[in-house]
Amino acid sequence: MPMSPAASPAGGIALAQEVLSEFGQLRLRLTGSSMLPTVLPGDILSFRTCPTESLVPGCIVLVRRDGRLFAHRLLALTPDGLLTQGDSLPQPDPPTPAADFLGVLVAQRRLGRDIPVSTAPRFGRWLMRHSALARRLFLRWHRSTITAPA
């Protein structure tokens, strides 16, 4: 799921890497929908640095790939790198070299409230992965809850 740390993708990745190396933690606002229903567009995600050896399948990791930042679920650590996949995407991503791993998700904020960092129900992930209609309806519902008057 693409993230938006700065206007220029290359500048954004460099800034993200600098913040992580300097402070060990980074907060970003999510812009994509590949992690539905676990993470929604507009959520603020906090990542911290850690060694790849301490990662466990199922956690959400921040990686750089193709000049962009992605927050996807870790499926496995392989000799080729990290195997990741967005919760609502039908196929895993190409392996990401360990050198392109930036951090692991440690906190999530939605609409000004902290929400637990957990895995979405497997059925929800399966549904988003296999149904474009379910993704569209979920996003439409999400947008209506953000814009609804209080």
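User: A salt bridge is a side-chain nitrogen of Lys or Arg within 4 Å of a carboxyl oxygen of Asp or Glu. How many salt bridges does a search of the whole structure find?

Analyst: Happy to start there: this is a predicted model, so local features need pLDDT of at least 70 and side-chain atom pairs count only at pLDDT 80 or more, while totals for chains, interfaces and linings use all residues. Residues are numbered from 1 along each chain as its sequence is written, and side-chain values use heavy atoms, with hydrogens and water left out. Side chains of opposite charge can pair when their charged atoms come close. Searching the whole structure gives a salt-bridge count of 5.

User: With which residue does Asp100 form a salt bridge?

Analyst: Asp100 lies in the loop between strand S5 (81–85) and strand S6 (101–110); helices (H or I, at least four residues) and strands (E, at least two) are DSSP runs, numbered from the N terminus. Contact means heavy atoms within 4.5 Å, and beyond its neighbours within four places in sequence Asp100 contacts Leu62, Val63 and Arg64. The salt bridge, with its closest N and O atoms 2.6 Å apart, is to Arg64.

User: How many residues apart in sequence are the parts that this pair ties together?

Analyst: The bridge in question joins Asp100 and Arg64. Asp100 sits in the loop between S5 and S6, whereas Arg64 belongs to strand S3 (residues 60–65), so the parts tied together are separated in sequence by 36 residues.

User: Is Asp87 buried or exposed?

Analyst: Buried means under 20% relative accessible area, exposed over 50%, and partly exposed in between (1.4 Å probe, protein chains only). The side chain of Asp87 meets that of Arg73 in a salt bridge of 2.7 Å, N to O, linking distant parts of the chain: Arg73 in strand S4 (residues 68–78) and Asp87 in the loop between S5 and S6, 14 residues apart. Arg73 is buried at 5%. Because its relative accessibility is 0%, Asp87 counts as buried.

User: The charged end of Arg65 sits over the ring of which residue?

Analyst: A charge sits over a ring if NZ of Lys or CZ of Arg is within 6 Å of the ring centre and within 35 degrees of the ring normal. For Arg65 the distance to the ring centre is 4.2 Å, and the ring is that of Phe70.

User: How many disulfides does the count come to?

Analyst: A disulfide is a pair of cysteine sulfur atoms within 2.5 Å. The cysteine sulfur closest to that of Cys50 is in Cys59, 7.2 Å away, which is too far for a bond. Cys50 is buried at 16% relative accessible area, and Cys59 is buried at 15%. The number of disulfides is therefore 0.

User: How far apart in space are Leu40 and Phe138, C-alpha to C-alpha?

Analyst: Leu40 is in the loop between strand S1 (25–29) and strand S2 (44–48), and Leu40 is buried at 4% relative accessible area. Beyond four places in sequence, Leu40 is in contact with Leu30, Arg110, Phe138 and His142. Leu40 and Phe138 are 98 residues apart in sequence, and their C-alpha to C-alpha distance is 9.7 Å.

User: Where is the place of Ser46?

Analyst: Ser46 is buried at 7% relative accessibility. Not counting residues up to four places away in sequence, Ser46 touches several residues, among them Gln25, Leu26, Val104 and Leu105. The place of Ser46 is in strand S2.
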